[in-house]
Amino acid sequence: MRLEIRLLNATLVIPELQSTTGNKGVSSSFKSFSYLYNEDHFILALAKDVNIINTLPRNIKAAKRRKEIPSFKVHYSASPDFYLKVVLPALRQYVVVELQVAEGGCLQAILPPQFEEHQRLRCRVAFHALLFRQEVKDLAMKILHRLRALGKPFIAYDAGMTLDSLAYHGCAELFQDIHTELIQRRRLWMINHKLIKDKLSIDSTKQRLNGSCPLMPEEVGILLRAFGYSSDTVIYVSGGELFGGQRIMTPLRAMFENVLERSSLCSPKELSKIYGHEDRLVTSQLPPAPNNEEMLLEAWKTTGPRPRPLPPPPVRPKYQTSTNNWWHWLSDIDVKPEMTIMELRTNAHKLLWEAIDYIISVEADAFFPGFDQDGRGHPNFASSVMGHRLYLYAASRTFRPKREVIARLFEDAQGNLYNANRTWWNLVCKHLDETLLEELNEASMKWKPVSFLSHPLPECSCLRRWPFETSSHAHAPLNASRSSGLFGVEYFCPGWMGTETSPISEKEAVEASDLAPLQLFQWNSASDIGVPDTTTREDALMEDEDVESGEG
């Protein structure tokens, strides 16, 4: 939204997050935005780009309550023309307008060339201005240090298996029993609300083979073992609530003994500190039941006339198929009940939990996404993590498997996954190795038009000019031609950025230049990540095939 305000040359009022952060169940110490982000840093970081104020003046607040301010619901990936031709005239007329962004991504990812500087503002906002508040960062770093204290680097894994994403992509048959029915009911709701234009019944097997369904935790475990990770590898499970519960995590936990979560690395007391002071919820209490014969006899005499017994309720199936939502299973009402204060409070807490997981996933030694789309086909938590890791640590190990290729590999080994032959294991290793780098270009073409932050290069990067660099012979750890070839980076960094780097000799730069392509994507050493060297991985698998399959 900051970019849109710059586009309109307007003043930004600190935005409000989802309504759960403003209800009376949440600590009054924070406003909506400051519940999750560092508000002071946000204002300071963008002071030279956008004029930001904390709150509306009183007279405008009163006009907003009277609904005298025009409000616009911004669709996902709106074009600059929407703001310049629709919003801007209203802003000039009423002086103030309200923008409601329900889905995120309120401006199209790829902008025309004349908006180049606006695109760079996106980078400053996403990666520098928007910082989680200090208490959240402190707890995330504390958990990160506890993971590091185990003495070995770790993998962050995000399953991406939410009810909405499974329903949207038609992956109901990956589950059984009630879970399949829940997914289908949610899909029907999406169809009725025009979120899906496809039919209700869809072949989940075909969806899985074309890469539209998430990888199951069991499949991720097999891939990591095939790639060479040992059974004592530390895996941190990040992201939100996993649809299907802990049952579907059982195979992964059986293959790896150190599968950890946020709740296993910090105490409830430590979590409660980041919530701030929250009022104790008062629950209605019934009068104590009589506990002796005299009280029982008195209660019997003073109760009044006894009501006649009610007739038995009409027989109906356990799960109604005529309606879509879960509340119909419990009662006959047609309207979804309002959320309780406790439910609103829990939803607000989930924002903080996911912020902690986000920080840990970005800083992890390796990251493996189970799925990279949400319940509307947009990039999800894992996509944002991969984009942030690409911006901060381009050389970090971030897996980008092609799910359609993996699905076919699993089809080839159907019924023999834990005892697959060497050829199958080698194919898995080769695919994961290749996609670490080669998938970057494909990811850029696939996701850049949908979400800028999922692949922020080359717009969020620049080329350094080295002091001894000449027009004919330029030696640097990564010169312009190499960066442009790998990422399409063509913009040179401002002069002031050169002062932040320590000077190096021309000889050192020449030596670094020879290794530049390797250094840019120099993965952590095998000993650092618990993976055998590439040159010996195949031999290790040939020698230990029986042992590995037995442990799996």
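**Exercise 1. Work out how strands β3 and β4 pair, and what connects them**.

*Solution.* Start with the pairing: β3 and β4 (residues 98–101) run parallel and are joined by four bridges. Two strands count as paired if DSSP finds at least two bridges between them. The elements themselves are DSSP runs, numbered from the N terminus: helices are H or I with at least four residues, strands are E with at least two.

Next, pick out a facing pair: S71 stands opposite E98 in β4.

Then follow the chain: β3, helix α4 (residues 80–94) and β4 make a right-handed β-α-β unit. Right-handed here means that, with the strands pointing away from the viewer, the path from the first strand over the helix to the second runs clockwise.

Quick housekeeping before you go on: this is a predicted model, where local features need pLDDT of at least 70, side-chain atom pairs count only at pLDDT 80 or more, and totals for chains, interfaces and linings use all residues. Residues are numbered from 1 along each chain as its sequence is written, and side-chain values use heavy atoms, with hydrogens and water left out.

**Exercise 2. Sort the residues of β3 (residues 71–74) by face**.

*Solution.* Now assign them: F72 and V74 make up the covered face of β3, while S71 and K73 sit on the uncovered one.

**Exercise 3. Find the disulfides and give their handedness**.

*Solution.* A disulfide is a covalent bond between the sulfur atoms of two cysteines. The search criterion is a pair of cysteine sulfur atoms within 2.5 Å, and the structure holds two disulfides.

Take C123 and C460, whose sulfur atoms are 1.9 Å apart. The torsion about their S-S bond is about -85 degrees, so this disulfide is left-handed. C123 lies in helix α5 (residues 116–129) and C460 in the loop between α18 and α19 (480–487), so the pair ties together parts 337 residues apart in sequence. Both C123 and C460 are buried (buried is under 20% relative accessible area, exposed over 50%, partly exposed in between, with a 1.4 Å probe and protein chains only).

Now C171 and C213, with sulfur atoms 2.0 Å apart. Their S-S torsion is about -100 degrees, so this disulfide is left-handed. The pair links distant parts of the chain, 42 residues apart: C171 is in the loop between α7 (163–168) and α8 (178–192), and C213 in the loop between α9 (204–209) and α10 (217–227). C171 is buried at 0% relative accessibility, and C213 is buried at 3%.

**Exercise 4. Is L417 buried, partly exposed or exposed, and what does L417 touch?**

*Solution.* Locate L417 in the loop between α17 (403–412) and α18 (422–447). Its relative accessible area is 22%, so L417 is partly exposed. Leaving aside neighbours within four places in sequence, L417 is in contact (heavy atoms within 4.5 Å) with I222 and F410. Finally, the C-alpha atoms of L417 and E219 are separated by 9.0 Å, although these residues are 198 apart along the chain.
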